[in-house]
Amino acid sequence: NLVFSFPALFEQTKIATFLTAVDEKLTQLKKKKTLLEQYKKGVMQKLFSQELRFKDDNNQDFPDWQELPLDKTADIVGGGTPDTSNELLWNGNIQWFTPTELKFKYVKFSNRNITDEGLKQSSAKLLAVGTVLFSSRATIGDASITLKECATNQGFQSFVVGDNLYNEYLYYWIINNKNVFLMKASGSTFLEISKNEVAKINIELPSLPEQQKIANFLSAIDEKISHCGKQIEKMEAWKKGLLQ
């Protein structure tokens, strides 16, 4: 019993052909994004296994890599949660992250904030800009780099990097070695990896200039993936508008 309005067959064909072309373009963009993501995964494995190495600016080999425990390259800092029944500890100016908020490479604003008093009355710590936030509970191995001073809940073991470690290199190394952390996790209700276990995990460490080259190369791929994703979103919104 629905009323169905339709144009002449010739116009129907034109409309369908046009929208089919839009669909084909969307399919191509999604395929491109998938291929870029697969390429990134493969090239990360080659870079961190040293199968693929960069040269320095003079086309010379970089020094051999070192292998060091994570606690020798960064300060590992846990988090905490202020008393949720005390309103004076919440809705302040300090960003306070939970593991579910680590969706992107960089994070700046959290869903909830705490006050200075909330920081004092909990085990949460104030983390500097550039800290690599690392989820150590339930969802283990998610990571983001903070662009703003922040604190976290107890589901984190975050890394304040030292002079011999580039934070973006560490971010990509974590993403590539997520299984290493999962293997060290334990727990019956949900998996968790302790600070002590995190501290003992070894990281393969090239010289700082090579770390930066690796991170910059992977960042460039991420930018292409992000650009592709934005193109897909715009085209899907455009198609929706066209259909209407």
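Me: How many residues does H1 have, and what is its reach from first C-alpha to last?

Reply: H1 has 40 residues and reaches 58 Å from its first C-alpha to its last, close to the 58 Å expected at 1.5 Å a residue. The expected span is 1.5 Å times one less than the number of residues. Helices (H or I, at least four residues) and strands (E, at least two) are DSSP runs, numbered from the N terminus. This is a predicted model, in which local features need pLDDT of at least 70 and side-chain atom pairs count only at pLDDT 80 or more, while totals for chains, interfaces and linings use all residues. Residues are numbered from 1 along each chain as its sequence is written, and side-chain values use heavy atoms, leaving out hydrogens and water.

Me: Which residues of H1 are buried?

Reply: Buried means under 20% relative accessible area, exposed over 50%, and partly exposed in between (1.4 Å probe, protein chains only). In H1 the buried residues include Leu 19, Val 22, Lys 40 and Phe 48. Their cover includes H3 and H6. Phe 18, also in H1, counts as partly exposed because its relative accessibility is 42%.

Me: Which residues touch the most other members of the largest nonpolar core?

Reply: In general, nonpolar side chains tend to be buried together in soluble globular proteins. A nonpolar core is a set of buried Ala, Val, Leu, Ile, Met, Phe, Trp, Tyr and Cys residues joined through side-chain atoms within 4.5 Å. Here the largest has 35 residues, and Phe 159, Trp 173 and Phe 181 touch the most other members. Elements giving two or more residues to this core include H1, H3 (167-176) and H6 (208-243). H3 gives the most, with six residues.

Me: What is Trp 173 in contact with, beyond its sequence neighbours?

Reply: Contact means heavy atoms within 4.5 Å. Leaving aside neighbours within four places in sequence, Trp 173 is in contact with Phe 48, Leu 70, Phe 181, Ile 201, Asn 202, Ile 203 and Glu 204.

Me: Is Leu 133 buried or exposed?

Reply: Leu 133 lies in strand S6. Leu 133 counts as buried because its relative accessible area is 0%. Leaving aside neighbours within four places in sequence, its contacts include Phe 97, Leu 102 and Phe 156.

Me: Where is Ser 136 found?

Reply: Ser 136 is in the loop between S6 and S7. At 0% relative accessibility, Ser 136 counts as buried. With neighbours within four places in sequence left aside, its contacts include Gln 154, Phe 156 and Leu 191.
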